[in-house]
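Here are my notes on the model, point by point. Please read them with the structure open.

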Amino acid sequence: MDRGDHGWRMVRLAYMAATLTLLALGFVHGRESSRLLSRECELTLNVNAVIAAVHKIEAQRVQYIIEKEDGCRILMFGARFPLYGAGEKIRVTGEVESVQDFPEELTGYGKYLLRKGISGTMRYPDVASERGSGPGLRENLRWRVVRLFPEPEASAVLAMVLGQAGTLPGDTVDHFRRVGVTHILAISGMNLSLLTVAILGLSFLLPLKPWARTMLVIALMWLYVWLIVYPISAVRAAWFWTLALAGLQLRVLVSLPTIFLLAVAAMVTLDPRIILDIGFQLSVSAVAGMWVAGFLTPRFAKEKKWLPRWLRVTILATVGATITTWPIVTYHFGIISLVSLPANILIVPPVSAFMILSLLAIATSFFPPLGLVLSFGVRVLWQWMTGVASILAAWPGAALAHVSLPGWFLAVYYAALVVLAGIIMQSQRRSWREVWAP
């Protein structure tokens with residue numbers, strides 16, 4: 001036993017050393033990236049670039065975020081066809097306008113682009129594509145979705161399951177925005193977590209050793225993240241599950257908040273620009289809010305009451321996420337939803353079934369009868385979500401628009417939340433050590 005304990009102690013030390021090494025290397029890389037961002041990008045007229053993201057698809061044009069070889073990002077406006085995919089290598093020739101040269105009336109828009117790490121814009125340049133195997137695979141999946149699902153379900157599946165831009169109706173997007181559930185219209189950490197848990201469960205059907213099972217789940221999880229082109233919320237969730245599964249396999253009992261903070265720290269040090277990303281801000285604040293709400297109200301989630309437990313947990317998670325994310329949403333988008341609580345309770349739970357049915361329908365699309373049956377289930381779920389959103393959005397005073405919050409308000413607000421959490425813990429006679437307990 002002593003020899004075994006000594007062996008596991010060495011494994012834990014190796015795990016901690018590897019983690020610290022990762023953070024140190026990420027910190028060095030982050031400092032170099034910060035220096036790159038501190039200077040104005042050299043904007044040329046003829047550049048090699050890669051499409052970092054399909055920002056928005058409109059009726060007549062598409063907005064792409066392209067990244068040059070030196071890391072500079074440009075917002076490119078292109079024709080509706082042909083449609084290029086994220087990760088695709090292109091050669092772009094056209095006139096570039098620096099964000100610093102925007103007219104005075106577009107100053108706010110320029111600051112928004114700078115916050116996203118975008119230094120200039122290009123309008124309808126000449127584009128030559130170097131299509132590779134990665135984009136070809138994504139295009140094949142897109143083709144299968146478009147053939148299998150009618151609109152607007154096809155666009156919803158592309159956005160929520162594959163992380164690709166679609167053409168959702170403007171009124172649908174507006175309804176989701178007014179009721180505070182636009183977060184489900186894109187890949188989220190919840191999506192990846194559901195997939196990881198499903199893969200982990202299926203892996204127990206295979207005759208694998210524990211280490212082999214862990215490595216298989218981690219590999220398939222990161223393969224999915226690569227397939228959807230590394231959305232920030234999915235990367236954060238992937239880091240979390242990688243550290244959690246590896247730590248569990250090494251028998252390193254650490255708390256979930258510790259793993260979450262470690263994953264966030266690693267992402268920030270690897271790429272400091274991620275702090276400016278709205279999706280990253282909302283993802284981190286939402287997870288923190290959901291966990292704190294559950295931690296401070298354990299009895300509400302566990303005690304037998306007239307509400308079923310799943311509904312109590314959903315309410316807690318929704319309230320916690322709403323409390324911590326509404327200032328960020330209002331700061332960036334100028335809107336406050338007053339019906340977000342009932343909207344999230346009614347719309348979010350079916351999202352997991354929507355994703356699972358969509359993935360199964362895509363996987364079985366080679367057998368049309370089965371794929372069509374599953375796609376019908378996807379349609380029913382989508383009709384429920386859009387129907388609830390439209391009803392709640394039509395309520396008088398469902399949302400407050402054109403609200404402006406100063407930056408200092410966010411700092412004061414989150415500081416007040418920390419103080420309030422401390423007061424509640426003090427009243428419960430609980431120690432901060434419980435936060436980090438395994």
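1. Ala53 touches Tyr64, Ile65 and Ala86, with neighbours within four places in sequence left aside. Contact here means heavy atoms within 4.5 Å. Ala53 sits in strand E1, residues 46–57. Its relative accessible area is 27%, so Ala53 is partly exposed. The classes are buried under 20% relative accessible area, exposed over 50%, and partly exposed in between, with a 1.4 Å probe and protein chains only. Ala53 and Glu88 are 35 residues apart along the chain, and their C-alpha atoms are separated by 9.5 Å.

2. Ground rules. This is a predicted model: local features need pLDDT of at least 70, side-chain atom pairs count only at pLDDT 80 or more, and totals for chains, interfaces and linings use all residues. Residues are numbered from 1 along each chain as its sequence is written, and side-chain values use heavy atoms, with hydrogens and water left out.

3. Overall make-up. The chain has 16 helices and nine strands. Both are DSSP runs numbered from the N terminus: helices are H or I with at least four residues, strands are E with at least two. The chain has 438 residues, and 44% of them count as buried. Among contacts with a separation of 6 or more, 69% join residues 24 or more positions apart. The accessible surface is about 23600 Å², and carbon and sulfur atoms hold 67% of that surface. These areas come from the Shrake-Rupley method with a 1.4 Å probe; for residues, only the protein chains shown count as cover.

4. Salt bridges. How many does a search of the whole structure find? It finds three. The criterion is a side-chain nitrogen of Lys or Arg within 4 Å of a carboxyl oxygen of Asp or Glu. Side chains of opposite charge can pair when their charged atoms come close.

5. Glu153 and Arg379 form one of these bridges, at 3.0 Å from N to O. Glu153 belongs to helix H4 (residues 153–160) and Arg379 to helix H15 (residues 368–393), so the bridge ties together parts that are 226 residues apart in sequence. Glu153 is buried, at 0% relative accessibility. Arg379 is partly exposed, at 35%.

6. Glu67 and Arg73 also pair through their side chains, at 2.9 Å from N to O. Glu67 counts as buried, with a relative accessible area of 19%. Arg73 is partly exposed, at 23%.

7. Asp174 and Arg177 make a salt bridge at 3.7 Å, N to O. Both lie in helix H5 (residues 170–178), three residues apart, or about one turn of the helix. An α-helix has 3.6 residues a turn, so residues three or four places apart point the same way. Asp174 is partly exposed, with a relative accessible area of 33%. Arg177 is partly exposed too, at 37%.

8. Helix H5 also holds Thr172. Thr172 is buried, at 12% relative accessible area. Beyond neighbours within four places in sequence, Thr172 is in contact with Trp382 and Thr386.

9. The largest nonpolar core has 64 residues, and Phe149, Phe354 and Trp382 touch the most other members. Helix H8 (residues 232–249) gives this core its largest share, 10 residues. A nonpolar core is a set of buried Ala, Val, Leu, Ile, Met, Phe, Trp, Tyr and Cys residues joined through side-chain atoms within 4.5 Å. Phe354 touches Ala156, Val157, Met160, Val378, Leu381, Trp382 and Met385, not counting residues up to four places away in sequence.

10. Helix H9 has 15 residues and spans 21 Å from first C-alpha to last, close to the 21 Å expected at 1.5 Å a residue. The expected span is 1.5 Å times one less than the number of residues. Its buried residues include Pro257, Ile259, Phe260 and Leu262. Leu256 lies in H9, residues 256–270.

11. Arg142 is in helix H3, residues 133–148. Arg142 is buried, at 19% relative accessible area. Arg142 and Leu162 are 20 residues apart in sequence and 8.3 Å apart in space, C-alpha to C-alpha.
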